[in-house]
Amino acid sequence: MITIVDYQMGNLRSVQKAVERAGVPATITSDPMEIASAERLILPGVGAFGDAIAEIRSRDLESPIKDFLAADRPFLGICLGLQMLFEQGYEHGTHEGLGVIAGDVAKFSLPPHFKVPHMGWNTVDIGPAGVDLDISAQTHFYFVHSYFVRPTDASVVALTCDYGGPFCAAIRRGNLLATQFHPEKSQQAGLQLIERFAHGNLTSPSTATSS
């Protein structure tokens with residue numbers, strides 16, 4: 001069973017359908033107890049950082065999410081679900097994030113010929129934390145975002161992308177994986193990522209171990 005966090009700001013049904021296509025049941029919930037006891041957790045998100053983190057806190061979901069992550073259980077963050085893991089976001093002011101990952105979330109500052117938001121298909125390259133992920137360099141994923149994460153520790157960067165310059169497209173630390181792109185909108189590559197997360201097979205067969 002996979003638990004999807006409902007805080008009224010995410011493509012909940014799209015994520016649920018993608019998980020179910022992987023052959024794994026998925027429940028959508030805003031119940032703190034169900035989140036705290038989840039086997040695998042997905043934190044999706046679409047919208048503004050400040051509004052999202054306010055919704056998380058108003059529903060008493062911050063502690064169960066952070067406790068889940070502290071236990072290093074399998075977690076997938078998607079888009080805003082990646083950004084909220086960081087210490088601060090600067091969308092319409094300065095807002096305190098969950099503080100699970102050191103760093104912040106900044107807006108793209110690009111030449112005029114680069115449109116913001118960065119929207120559409122783009123390729124990824126492999127970062128230090130992604131060398132054993134079963135994802136190939138130059139795989140296409142679907143992005144929709146105006147802000148990007150800036151981890152303090154470069155060793156957590158799993159995937160990078162280039163849009164007027166390189167930025168962090170995914171992070172990984174232990175059983176935590178979070179992506180700036182939307183795997184549920186990324187057709188085969190995204191569905192394969194969700195399927196591997198659902199079945200605990202994120203690592204490449206050549207590097208996976210029995211542990």
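UniProt, in an unreviewed entry, lists residues 4-197 as "domain: Glutamine amidotransferase". UniProt positions follow the numbering used here, feature names are shortened, and annotations may be inferred rather than shown by experiment. The model is predicted: local features need pLDDT of at least 70, side-chain atom pairs count only at pLDDT 80 or more, and totals for chains, interfaces and linings use all residues. Residues are numbered from 1 along each chain as its sequence is written, and side-chain values use heavy atoms, with hydrogens and water left out.

Over residues 4-197 the chain is 25% helix and 34% strand. The end C-alpha atoms of this stretch are 13 Å apart. Helices (H or I, at least four residues) and strands (E, at least two) are DSSP runs, numbered from the N terminus.

Turn to the annotated site. In an unreviewed entry, UniProt places the feature "active site" at Cys-79, His-182 and Glu-184. These residues are spread over 106 residues of sequence, yet they cluster in space, with a largest C-alpha distance of 10.9 Å. Cys-79 sits in the loop between β4 and α5 (80-83). Its relative accessible area is 7%, so Cys-79 is buried. Buried means under 20% relative accessible area, exposed over 50%, and partly exposed in between (1.4 Å probe, protein chains only).

His-182 lies in the loop between β13 and α6. At 2% relative accessibility, His-182 is buried too. Its side chain joins that of Glu-184 through a polar contact of 2.8 Å. A polar contact is a pair of N or O atoms within 3.5 Å; within protein, one must be able to donate a hydrogen and the other to accept it, and residues adjacent in sequence count only if both atoms are side-chain atoms. Leaving aside neighbours within four places in sequence, Cys-79 is in contact with Gly-45, Val-144, Thr-179, Gln-180, Phe-181 and His-182. Contact means heavy atoms within 4.5 Å. With residues up to four places away again not counted, His-182 touches Asn-11, Gly-45, Val-46, Ile-78, Cys-79, Tyr-142 and Val-144.

Next come the rings. The structure holds nine aromatic pairs. Rings of Phe, Tyr and Trp (its six-membered ring) pair if their centres lie within 6.5 Å; planes under 30 degrees apart count as stacked, over 60 as edge-to-face and the rest as tilted. Phe-108 and Phe-167 pair edge-to-face, at 5.4 Å centre to centre and 85 degrees between the planes. Phe-108 is in the loop between β7 (101-107) and β8 (118-126) and Phe-167 is in strand β12 (residues 166-173), so this pair ties together parts 59 residues apart in sequence. Both Phe-108 and Phe-167 are buried.

Phe-141 and Phe-181 are stacked, at 4.0 Å centre to centre and 15 degrees between the planes. Ring pairs join a cluster of Phe-108, Phe-114, Phe-141, Phe-143, Phe-148, Tyr-163, Phe-167 and Phe-181.

His-145 is also in strand β9. Its relative accessibility is 4%, so His-145 counts as buried. A polar atom of the His-145 side chain lies 2.8 Å from the backbone oxygen of Tyr-147. Not counting residues up to four places away in sequence, His-145 touches Phe-108, Pro-117, His-118, Phe-167 and Gln-180.

Now the nonpolar interior. A nonpolar core is a set of buried Ala, Val, Leu, Ile, Met, Phe, Trp, Tyr and Cys residues joined through side-chain atoms within 4.5 Å. The largest core has 37 residues, and those with the most contacts inside it are Ile-2, Val-19, Ile-42, Val-124, Phe-143, Leu-159 and Phe-167. β1 (2-5), α1 (12-21), β4 (75-78), β9, β11 (157-162), β12 and α6 each supply at least two of its residues. The largest share, five residues, comes from α6. Apart from this core lies another of 33 residues, among them Phe-49, Ile-53, Val-100 and Val-149.

Finish at helix α4 (residues 62-70). Its buried residues are Glu-62, Pro-64, Ile-65, Phe-68 and Leu-69. They pack against β1, α2 (32-36), β3 (40-43), α3 (49-58), β4 and β13. Just after α4, Asp-72 takes a positive phi of about 55 degrees.
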